[in-house]
Amino acid sequence: MVDAVAVSKTPAAPRPLSRTLHQWGLLLGVIGAVLGFLLGYFLGGLGFVDNNSNGSNIQILLAYSLSAVGFLAGMGFFNRLIGSLLGQRPPTLADEAYLHGEGAGLSRYFRLTVDHKVIGMQYVVMILFFLFAGGLGAMLIRGELLSPQPSYVTPESYLTLVGLHSVIMIFMASAAIIGPLGNYFVPIMIGARNMAFPRLEALTFWLLPPAGLILLSSVFLGGFPTGWTGYAPLSDQAVLGMDAYLVAFGLIGLSIMLSGLNMITTVITMRAPGLRFTKLPIFVWGVFITSWLGLLAAPVLASVILMEVFDRTFHATLFVPAGGGTPYLWQNLFWFFGHPEVYIFIIPAFGLIMEMLPVFTRRPLWGYRVAVGGMLGVGVLSFFVWQHHLFVSGIAPALRPFYMFSTEAISVPTGIIFLVALGTLWRARTRFTVPMLFVGAFLFNFLIGGLTGVFLSDVPADFSLHASYFVQAHFHYTIMGGEVFALVGGLTYYLPKMTGRQLNARAGRRQFWVMFISFNSTFLCLLAVGMLGMTRRVISYQPELQGLNIAASISAFVLGASMLFWLGMIVWSLILRPALATQKNPWESLGIEWQLPTPVPTYNFDTVPVTWALPYEYDTGQPAAIPGRTQPALAGGTPT
Amino acid sequence: MPPRRRTLINIIAGTWAVLAAAGDIALNSLPLPPGSATDIAGSETQVIRILAMMAWPIFVAVVAGLVFTLYVDRVAPDAREFDAQTLRGNSRVQTMWIAGSTTIVLGVAIFGTITLANDTTVPTVAQAVPNTPLEVQVIAQQWYFTYRYPSFGGFESAHLVIPSDREIEFHVTSLDVTHSFWFFAAGVKADAVPEHDNSVDMQPLKTGTYRIECSELCGIWHGSMSDDNAQIVSAGDFNTWAQQQQQLDAPIMKFLPPYSHTYVPAPGAYGS
């Protein structure tokens, strides 16, 4: 332990009650959730509104919402608020240090802690849990699709399976990179000692476990039949499981929104003196742009979810034509959120792979400014393309050429990312480490994902491919082949910094090849069945497509096994047989995060560095900045 | 540039040219879906073919670039030698790349718009018998499609039968939730939205028996909302069938609602 900072020592005085409560926050949170659930269920049963034909959904809505509030209250999110209302003294430095989990050992991971690094680790565990929960759903779906007729799943459970797999994965993917790595490394990379709003950051994390559990609990309420898109009026018709979807998705939207707000404020206001926007690591740029998308798009999700709650509970008929509403309202608003959402998944992955490329090529990032411009362009354009999801919906045919053009235009800034990657690799002495393999796979998979997207953006081709397995395979190429590959590579790269332990490189290389090949054989088959006319989300399909489906399923099982093997590697190397990283900086990166001691001290920096450069100066070997010094360390350093 | 490197670049470029040409030649002659059973299916096939022929050389080029840069210049994972040549960017290459990709995008968008305009206006196929399009209504509900023929008194049929000699004008609507009418071989996909009339025109070119399915998630039996018995038949067969059907349906016509482009569903159709 090299805790350089000594803001305070926990006083030896008897532990105050508030700290004892705080220490047991997780347990109290569960109790709070149960109490909230019962209270909501009781209040909802008082008969404010008529029950609709599906049962009393006001009861279940209130129960879920209050259980989330109860959980947060038990965790201690409202302690400070209530304390100040009761006239308690403001928190002292010692209180803050306690809240940061200073010197608390492992227990700090199991309570409300505001240290961004603890939250980053909490995100790692949660993301892995939901990645594998969603993956289990995928395995069950592929198992069912081995036969063209329903085999071991009923059509009803199949839809729930599809819905759960999709929402869990959407939920996981929207935080997969920005949650673990963004929270952990953005403050460090900008020379800050914490986020701008540390408590808000903890809230964005702790909103997600209740959201995930509420979502999973929908199986006890009959599931939901709509997939992740929740199209009305099918959702108006659905049983109570739909309300679980609505509350869970609402909480996820809230988390995306608040996380965006926090990240934007952090990057704008908390940068170290001397760290200009032109010297921000490219990963921070990716997170920054993504955060804008989250902040601007997620409120639309929250509103549309609320509208659907009104439709189901109060018969508002916003989406029901018989009452003057229209299903197109849901489709437009949902996709106005939904399309930026997919870039919320992928832009952090762009940032992450461009952050890793210079390290393994030992080169500056080739074209840093166009790379930033590319990500900005993708981010801005992502708000102008949503109606390509409605090309066959019968609404506004006159607008189709515009949305075709705006969608195809996104390939220009996306192409820039490829240009930057190829430029950085050009004539470089690339080190073939495991994270580098994943960077290469990302580029390959995302290339297929991008090129298949052009087919879907073209309206006449989309008439045939829309809502088929071609679409499904296309977005799995971008999100699984893109984001998840970047995540696996990124975790392999950053775990030595986060935990001081390293994954086994030989096992990692084998795992990579199995994962890469089985991923491609799965989704190439699914691209083909889509072109041949197989609809998404069906339990029965044309018997002549069974061969391709069996091939896809078998590949998917191999892919699932390779992912399990990866999880096993993590558990083995980190917990069972801790393989200590042999070096402080095993990849010899110049990033500021690698110049700090491992584990990183609670407040990151003793003295915040003021002389900064881009962390890619591999020709001079000058790090981004030297922590703990206020003067340039290297005489030969040439600040750019 | 060292000669070995130049040779490698030539080899990679040559491989690219061979692969790109071979792939495009194959794509040009492959029978791609959805086929040519109707005019718009034909134009969709053509668009998919052209896009694939554009995408394939780009795909091979980028992969070749990746393989070249990753493989040819690689060093061992634990190597610590250092390449002194530092490139930070090249504005000429960047400008060319952006201009090139913008040109391709503009070309693709203009091409798509022209195809779209051709598909949604009167077909240019020479018709044996010039006449008005045959209107066929597709009524979707959980979990089947019903077809109505207003020019034959508005009778209803559980299977789609259309003549091959006339332009067909589909009017798609729904009685409950959103469905999507997908006539794969005909290249027709149109969402069925309650109280909305979604119309698609097409000219059949080949007779045959085809599959129709629902392509928008519509509830439990969405996967079974399909019919393998949709037919495009000759004009004579169609007229015989339509007259037969009209007679069969005559006794129940008075129970059907009058023909309309949309229908107000019965109360309770949305579950609340």
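In what order do the five strands of the open sheet in chain B stand? The order is E4-E10-E9-E6-E7, and the pairing is mixed. Before I go on, a reminder that this is a predicted model.

Let me stay with that sheet. Strand E4, residues 161–163, and strand E7 of chain B are at the edges, and each has a single partner strand, so one side of each has no neighbour in the sheet. From one strand to the next, the twist averages 25°.

If you want a residue pair to find on the screen, look for Ile162(B), which stands opposite Ile232(B) in E10(B). Lying across E4 and E10 of chain B is helix H4 of chain B, residues 235–249. H4 runs at about 135° to E4(B).

Now the domains of chain B. The assignment gives domain 1 as 3–75 plus 93–120, and domain 2 as 134–255. Taken over C-alpha atoms, the centres of these two domains of chain B are separated by 37 Å. The contact between them involves nine residues of domain 1 and 13 residues of domain 2. On the domain 1 side, that is four nonpolar, three polar and two charged residues.

Next, the contact between the chains. Chain B puts in 75 residues and chain A puts in 80 residues. On the chain B side, the elements giving two or more residues are helix H2 (39–72), helix H3 (91–120), and strands E6 (179–183), E7 (188–192) and E9 (208–214). By class, the chain B side has 37 nonpolar, 25 polar and 13 charged residues. Strands E6, E7 and E9 of chain B also belong to the five-stranded sheet I opened with.

Last, one helix pair in chain A. Helix H6, residues 116–144, packs with helix H22, residues 546–576, at an angle of about 160°, and their axes are 10 Å apart. Angles over 145 degrees count as roughly antiparallel, and H6(A) and H22(A) are therefore roughly antiparallel to each other. The crossing of H6(A) past H22(A) is left-handed.

Which residues make that contact? From H6(A), they include Leu128(A), Phe132(A), Gly135(A) and Arg142(A). From H22(A), they include Ala556(A), Phe557(A), Gly560(A) and Met563(A). By class, the residues of this helix contact are nine nonpolar, four polar and one charged.

Technical notes:
Residues are numbered from 1 along each chain as its sequence is written. Chains are lettered from A and ligands numbered from 1 in the order in which they are written. This is a predicted model: local features need pLDDT of at least 70, side-chain atom pairs count only at pLDDT 80 or more; totals for chains, interfaces and linings use all residues. Two residues are in contact if their C-beta atoms, placed from the backbone, lie within 7 Å. Helices (H or I, at least four residues) and strands (E, at least two) are DSSP runs, numbered from the N terminus. Ala, Val, Leu, Ile, Met, Phe, Trp, Tyr, Cys and Pro count as nonpolar, Asp, Glu, Lys and Arg as charged, and the others, Gly among them, as polar. Two strands pair if DSSP finds at least two bridges between them. Axes are lines fitted to C-alpha atoms, for helices over the stretch in contact, and angles run from 0 to 180 degrees between N-to-C directions. Angles under 35 degrees count as roughly parallel, over 145 as roughly antiparallel, 65 to 115 as roughly perpendicular and the rest as oblique. A crossing is left-handed if the near helix is turned anticlockwise from the far one by less than a right angle, and right-handed if clockwise. Domain bounds come from an automatic or database domain assignment.
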